[in-house]
Amino acid sequence: MDALYENIIRPVFFTQDPEVMHEMAIRAMQVVGVVPPLRSFMEALNFIKTPNPVNLFGLNFPNRVGLAAGFDKDAECWRAAGAFGFGHIEIGTVTMLKQPGNPRPRMFRYPSRETVVNCCGFPNDGAEEIAQRLSKSMGRGKSSKKFPLGINIGKSKITPIENAAEDYLFSFNALADYADFFTINVSSPNTPELRRLQGRDFLPNLLGAVVKANSDRAKKLGVKRIPIILKIAPDLTFADIDAIISILDELGLDGICATNTTTWRPWQDIEKSGGMSGKPLFEKSLEIVRYISKVTDGKLPIIGVGGIVDLDSAGKMMNAGASLVQVYTGMVFRGPFFARSLAKSLIWRDSNWV
Ligand SMILES: Cc1cc2nc3c(=O)[nH]c(=O)nc-3n(C[C@H](O)[C@H](O)[C@H](O)COP(=O)(O)O)c2cc1C
């Protein structure tokens, strides 16, 4: 199936605008998601379950491969993720306010480099509308999901950085009933100043506010705290990462997602500005995952993401210390069933790991 995609379907897809193709992919997945017999049929063929689910942050993940944030920004097609082999999905980034994002075109492919550059700037329907959509598709408080649903939240463009915590809190509160875990995104390069939230001046206050809201909610409703993880940029120094880890430790965050896209450009032919994902990002993300695993003695759960474009890179990410991996750009180049192949190969790796 992957070969059919690469040799026949992909050359046709790649003649079209990346965002138009992305929207078509969302619509196709949406159909799978909302037609139960079709979904069940495709899940029977493609949903990959490890004999022993991966337990992380108190959640059971049926396999180690997730769909990274940015694909299903508006929670339109997440239900179909299992039918394509994924063991979890992160929707979003969702912001407090509905916003259009940056003008199009804002997604660019570089096939010879197996990379994508995007400068989307969090186009999304806003936390309230997305909460309503999730409520309709899931049913409030009850869930028939076969895999965990992560909700990735970020800051609205017009919210000043000094008020960022309020923006994240709004989204947290609006979406908490639907999230199996939250990812706090402070690392996308396309929202002005967002990455400053990774620093000591802002991060403790921002994360502290979300952690408190989470504990207050858990007490009030008599439910468990929702796991909260932080998504970081690949362009940080090790000193920056040390500072972040100590904040996560102080506040008792549940894990880290490394990494988002990079602003680094290894070659001049990648001339578009924005966040670069895919193959050239891999070594950076891998190095960061390895570093975090080393300095935390493997105790901080890590979701490894960035440049996983084949089985080998997924295996290396696991060896570096990731417990789960996520993919996005790899799927653009390898096709819709890339997650299925990866999940199967990681099950094989788990059972043969000595
Ligand atoms: C078109 C596009 C849009 C993205 N949007 C988001 C986003 O809204 N929030 C986020 O946290 N990451 C976003 N990402 C980053 C991915 O989640 C992932 O961290 C990054 O692409 C590296 O993984 P990859 O090399 O497998 O694509 C986006 C990536 C792409 C390619």
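## Briefing: ligand shell, helices and backbone geometry

By class, the shell around the ligand is made up of eight nonpolar, 14 polar and two charged residues, where Ala, Val, Leu, Ile, Met, Phe, Trp, Tyr, Cys and Pro count as nonpolar, Asp, Glu, Lys and Arg as charged, and the others, Gly among them, as polar. This is a predicted model, in which local features need pLDDT of at least 70 and side-chain atom pairs count only at pLDDT 80 or more, while totals for chains, interfaces and linings use all residues. Residues are numbered from 1 along each chain as its sequence is written, and side-chain values use heavy atoms, with hydrogens and water left out.

**Ligand surroundings**

- The ligand is surrounded by 24 residues, the closest being Ala69, Thr93, Lys231, Gly307 and Thr329; a residue is near a molecule or strand if one of its heavy atoms lies within 4 Å of it.
- Strand 4 (88-94) and strand 11 (275-278) each contribute at least two residues to this shell, with strands (E, at least two residues) and helices (H or I, at least four) taken as DSSP runs numbered from the N terminus.
- An oxygen atom of the ligand lies 2.7 Å from a polar backbone atom of Gly307, and an oxygen atom of the ligand is 2.9 Å from a polar backbone atom of Gly278.
- At the side chain of Asn185, an N or O atom is 3.1 Å from an oxygen atom of the ligand.
- Taken alone the ligand exposes 610 Å², and the protein buries 98% of that; accessible areas come from the Shrake-Rupley method with a 1.4 Å probe, and for residues only the protein chains shown count as cover.

- The twelve residues of helix 5 (residues 164-175) should span 16 Å at 1.5 Å a residue, and the end C-alpha atoms of the helix are 17 Å apart, which agrees; the expected span is 1.5 Å times one less than the number of residues.
- Ala164, Ala165, Asp167, Tyr168, Ser171, Phe172 and Leu175 of helix 5 are buried, where buried means under 20% relative accessible area, exposed over 50%, and partly exposed in between (1.4 Å probe, protein chains only).
- Viewed down the axis of helix 5, these buried residues fall within an arc of 160°, so they line one face of the helix; the arc is that of the directions from the helix axis to the C-beta atoms.
- Glu166 and Asn173, on the other side of helix 5, are exposed.
- Ile161 sits in the loop between strand 7 (149-153) and helix 5 and, at 4% relative accessibility, counts as buried.
- Ile161 and Val210 are 49 residues apart along the chain, and their C-alpha atoms are separated by 16 Å.

- Arg217 lies in helix 6 (residues 203-221) and is buried, with a relative accessible area of 17%.
- The side chains of Arg217 and Asp177 are joined by a polar contact of 2.8 Å, a polar contact being a pair of N or O atoms within 3.5 Å; within protein, one must be able to donate a hydrogen and the other to accept it, and residues adjacent in sequence count only if both atoms are side-chain atoms.
- Helix 7, with 14 residues, reaches 20 Å from its first C-alpha to its last, close to the 20 Å expected at 1.5 Å a residue.
- In helix 7 the buried residues are Ile241, Ile244, Ile245, Ile247 and Leu248; seen down the axis of helix 7, they fall within an arc of 160°, so they line one face of the helix.
- Ala239, Asp249 and Glu250 are the exposed residues on the face of helix 7 turned away from its buried side.
- Asp249, which belongs to helix 7 (residues 238-251), has a relative accessible area of 63%, and Asp249 is 186 residues from Asn63 in sequence and 27 Å from Asn63 in space, C-alpha to C-alpha.

**Backbone geometry**

- Most residues other than glycine have a negative phi, and most peptide bonds are trans.
- A cis peptide bond with omega of about 15° joins Gly92 and Thr93, and Thr93 lies in strand 4.
- The peptide bond from Ala258 to Thr259 is also cis, with omega near 15°, and Thr259 lies in the loop between strand 10 (255-258) and strand 11.
- Ala75, although not a glycine, has a positive phi of about 55°; Ala75 lies in the loop between strand 3 (65-67) and strand 4 and is buried, with a relative accessible area of 3%.
- Glu114, a residue other than glycine, has a positive phi near 50°; Glu114 is placed in the loop between strand 5 (107-110) and strand 6 (115-118) and counts as buried at 15% relative accessibility.
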